[in-house]
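This briefing is meant for a reader new to the structure below. Please look through the sequence and the model, then read the points by topic.

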Amino acid sequence: MQVPFFRYPHVYDEHHVDIEQALLRTAASGSYIMQQELREFEERLAEYCGVRHAVGVGNATDGLELNLRVAGVGYGDEVLLPSHTFVATAAAVIAVGAKPVFAEIGQDHLIDPDDIEHRITERTTAIMPAQLNGRTADMERITAIAERHGLKIVEDSAQGLGSRFCGRMAGTFGVAGVFSFYPAKILGALGDGGAVVTDDEEVAQTLRQLRDHGRDETGEVVRWGRNSRLDNLQAAVLLVKLARIGEAITTRRRLAARYHQALKGIAELVLPPPPDESASAVHYDVFQNYEVEADERDGLRHHLRDRGVATLLQWSGKGVHQFSALGFTQSLPTTEAIMNRSMMLPMNTSLIDDEIDYICEEIAAFYGNL
Ligand SMILES: Cc1ncc(COP(=O)(O)O)c(C=O)c1O
């Protein structure tokens, strides 16, 4: 059996009839930039997240930078973030002239609230949790720390759309939250795309101006901005997919439960917590990724590769602070130890049960558990 890590054509194939119609309709209408589809998508996304505003942007990396600018983060500031994140989180901090300072991650692979406070200095102005793998961090503790020290929260929820902490959606905890619509994401576009969500009218208005050359709704330039608009064709596709996001999340949670059931007895693995279906669940996870820790990780990856199963090391297996070209000097032993053992198994809505079962059987065979 061949199981690729991700099937890119599936991003289109899954709902191709509706997507094709949406694309043709939008293309023929001549509505390409900041038109009805974008406005409608923004409304639906805000509704889905339970906030008042969503602002479509070119990609999540831009969204993070604009979010930091709106939060007032700039030259000389320090921003606390995890190192187990995409380089984009730190790049956004650099782009506004601030300094990324990394905190360790915990056993859930997200920023560790216990490791934040002692890294706060008089220059720290914001905390940037990354809601990685489709799980929202312990935002109660992170919010309490931020409030105690007068810090802003800027959420990188690029991987977190639909996940919740204590019933509240990722992306809704700080000044604003950012989502990515990169094709492999839970809500994947046919190209790049992103959005920023917020409950704050003024923040939303500023974001709308920043993404459109600093112009207000009359066309008057009221600040320096840039061009980072989510285009209408992508918004039209995303509208089709957002209407079905519930199904996509249900599928991912079902696949995660299947992995969990088959792999939980293997002592050499550390699995993400299985989906909690109780109404009072603290974490509602959406499994953007299925990242496990494994003894003899590289051997397991080779074994799976030889049997047709592709796995992936997130960020090539390095924390942001470990890319030597970026010049960081911090050492993060816990993050490095977890990342040295981590790998991602295939997790997406194209997978069928037989494929999950095959992967699990091969993992069990590698550890001699069959
Ligand atoms: C955690 C995280 N932050 C930021 C980004 C950047 O998103 P985009 O590719 O839309 O700029 C990604 C995308 O992979 C991500 O996973």
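A backbone N or O atom of Ala60 lies 2.9 Å from an oxygen atom of the ligand, a polar contact (a pair of N or O atoms within 3.5 Å; within protein, one must be able to donate a hydrogen and the other to accept it, and residues adjacent in sequence count only if both atoms are side-chain atoms). The model is predicted: local features need pLDDT of at least 70, side-chain atom pairs count only at pLDDT 80 or more, and totals for chains, interfaces and linings use all residues. Residues are numbered from 1 along each chain as its sequence is written, and side-chain values use heavy atoms, with hydrogens and water left out.

**Ligand**

- The side chain of Gln159 has an N or O atom 3.0 Å from an oxygen atom of the ligand.
- For Lys185, a polar side-chain atom is 2.7 Å from an oxygen atom of the ligand.
- The ligand taken alone exposes 390 Å², and the protein buries 92% of that; accessible areas come from the Shrake-Rupley method with a 1.4 Å probe, and for residues only the protein chains shown count as cover.
- The ligand is surrounded by 15 residues, the closest being Ala60, Thr61, Asp156, Ser180 and Lys185; a residue is near a molecule or strand if one of its heavy atoms lies within 4 Å of it.

**Helix α6**

- Met139, Ile142, Ile145 and Ala146 are buried in helix α6 (residues 139–149). Buried means under 20% relative accessible area, exposed over 50%, and partly exposed in between (1.4 Å probe, protein chains only). Helices (H or I, at least four residues) and strands (E, at least two) are DSSP runs, numbered from the N terminus.
- The buried residues of α6 fall within an arc of 125 degrees seen down the axis, so they line one face of the helix; the arc is that of the directions from the helix axis to the C-beta atoms.
- Glu140, Glu147 and Arg148 are exposed on the other side of α6.
- The buried residues of α6 pack against β4 (124–127), β5 (152–153), β6 (155–156) and β7 (164–165); contact means heavy atoms within 4.5 Å.

**Helix α9**

- Helix α9 (residues 245–263) has 19 residues and reaches 27 Å from its first C-alpha to its last, close to the 27 Å expected at 1.5 Å a residue; the expected span is 1.5 Å times one less than the number of residues.
- Ile245, Ala248, Ile249, Arg252, Arg253, Leu255, Ala256, Tyr259, His260 and Leu263 are buried in α9. They cover an arc of only 160 degrees around the axis, so they sit on the same side of α9.
- Exposed residues Glu247 and Gln261 are on the face of α9 turned away from its buried side.

**Single residues**

- Gly174 is in the loop between β8 (168–169) and β9 (177–180), and is partly exposed because its relative accessible area is 28%.
- Not counting residues up to four places away in sequence, Gly174 touches Ile153 and Glu155.
- Gln209 belongs to helix α7 (residues 201–210) and counts as buried because its relative accessibility is 8%.
- His15 lies in the loop between α1 (8–13) and α2 (16–29), and counts as buried at 15% relative accessibility.
- Leaving aside neighbours within four places in sequence, His15 is in contact with Val240, Lys241 and Arg244.
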